[in-house]
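Please open the structure in your viewer and keep the selection tool at hand.

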Amino acid sequence: MNRAVYVTGTDTGAGKSLAAATLLAVLNASGLRAAGMKPVASGCEHTATGLRNADAELLIAHSAGAPAYANVNPYAFADPIAPHLAAADAGIEICLARIDAAFAALSTNVQFVVVEGVGGWMAPLGPRLMQADLVRALHLPVILVVGLRLGCLNHALLSARAIRADGAELAGWIASGVDTQMARREDNLATLRERLGAPCLGVLPYAAAPDPAVLAPQLAAARRLLRA
Ligand SMILES: Nc1ncnc2c1ncn2[C@@H]1O[C@H](COP(=O)(O)OP(=O)(O)OP(=O)(O)O)[C@@H](O)[C@H]1O
Ligand SMILES: [Mg+2]
């Protein structure tokens, strides 16, 4: 049976891509064939083969089965702006059916799909489409990536409340050390552990050049949860 998870974050730049790529490294090292997906990406380079997004490329680099770009990232927009605005500028509306089809195509080659969201949980996908709609349609448990910086407690607790209020399952959370100067880091982590009401799947320490393969042991708890 195919399985998948949705990776959201406390905000843009929280560490979703790094956490998603590290989850892929964990799963693929454990013998499960896993691929990444970034269904909607704004902020892409024009290339000879079309628009290419760095997050999608990172996920592909850590995926099994060399997935086709179009299945990993069915919606790619050039400007690094909110995706519903980028889609409107391009004269298109993001629709679930296309994401669902790409997800199904991707799933034929792997046993697990790690889907990276856009921005934070409440970043809209369209005039009538939220990320929660995608998560419910694809029946994805959610992993929240908390970017460890001042303000993260508020962002994390609001995100957890919104995820649950939207009828999704918060399966766990991952912290990422995006701020080297963060004060009271351990106390913040303890507060998150006490209050998020979901398991911590690992903490990615700050790394000057973070490498998902090197960080994979930090997410050993995720392997147990995702393979269960
Ligand atoms: N543990 C860490 N150590 C060092 N740098 C980190 C860490 N976690 C994240 N970063 C850096 O912070 C930046 C944002 O991380 P990342 O791209 O994973 O966030 P994101 O939530 O995926 O952002 P987006 O909303 O653009 O998709 C990147 O430059 C990344 O390398
Ligand atoms: Mg990202």
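Helices (H or I, at least four residues) and strands (E, at least two) are DSSP runs, numbered from the N terminus. The model is predicted: local features need pLDDT of at least 70, side-chain atom pairs count only at pLDDT 80 or more, and totals for chains, interfaces and linings use all residues. Residues are numbered from 1 along each chain as its sequence is written, while chains are lettered from A and ligands numbered from 1 in the order in which they are written.

**First stop: a loop residue**

Select A66, which is placed in the loop between α2 (54-61) and α3 (69-72). Its phi is near 40°, a positive value in a residue other than glycine. Most residues other than glycine have a negative phi. Is A66 buried or exposed? A residue is buried if 20 or more other C-beta atoms lie within 10 Å of its own, exposed if 12 or fewer, and partly exposed in between, with C-beta atoms placed from the backbone. A66 has 8 C-beta neighbours inside 10 Å and therefore counts as exposed.

**Second stop: ligand 1**

Next, select ligand 1 and the 17 residues around it, of which T12, G15, K16, S17 and L18 come nearest. A residue is near a molecule or strand if its C-beta atom, placed from the backbone, lies within 6 Å of it. Helix α1 (residues 16-29) gives the most to this shell, with three residues. By class, the shell around ligand 1 holds seven nonpolar, eight polar and two charged residues. Here Ala, Val, Leu, Ile, Met, Phe, Trp, Tyr, Cys and Pro count as nonpolar, Asp, Glu, Lys and Arg as charged, and the others, Gly among them, as polar.

Axes are lines fitted to C-alpha atoms, for helices over the stretch in contact, and angles run from 0 to 180 degrees between N-to-C directions. Which residues meet in α1 and α2? S17, A20, A21 and L24 in α1 meet D55, L58 and L59 in α2, two residues being in contact if their C-beta atoms, placed from the backbone, lie within 7 Å. The contact of α1 with α2 has five nonpolar, one polar and one charged residues.

Now select helix α7 (residues 152-165) and helix α8 (residues 185-195), whose axes come within 10 Å and cross at roughly 15°. The two helices are therefore roughly parallel to each other. In this pair, C152, L153, A156 and L157 in α7 meet N188, T191, L192 and R195 in α8. The residues of this contact divide into five nonpolar, two polar and one charged.

Select R184, in the loop between β9 (170-176) and α8. R184 has a positive phi of about 55° although it is not a glycine. With 10 C-beta neighbours inside 10 Å, R184 counts as exposed. Then return to α7 and select A165. A165 has 9 C-beta neighbours inside 10 Å and so counts as exposed. The C-alpha atoms of A165 and A132, 33 residues apart along the chain, are separated by 9.9 Å.

Conventions. Parallel < 35°, antiparallel > 145°, perpendicular 65-115°, else oblique.
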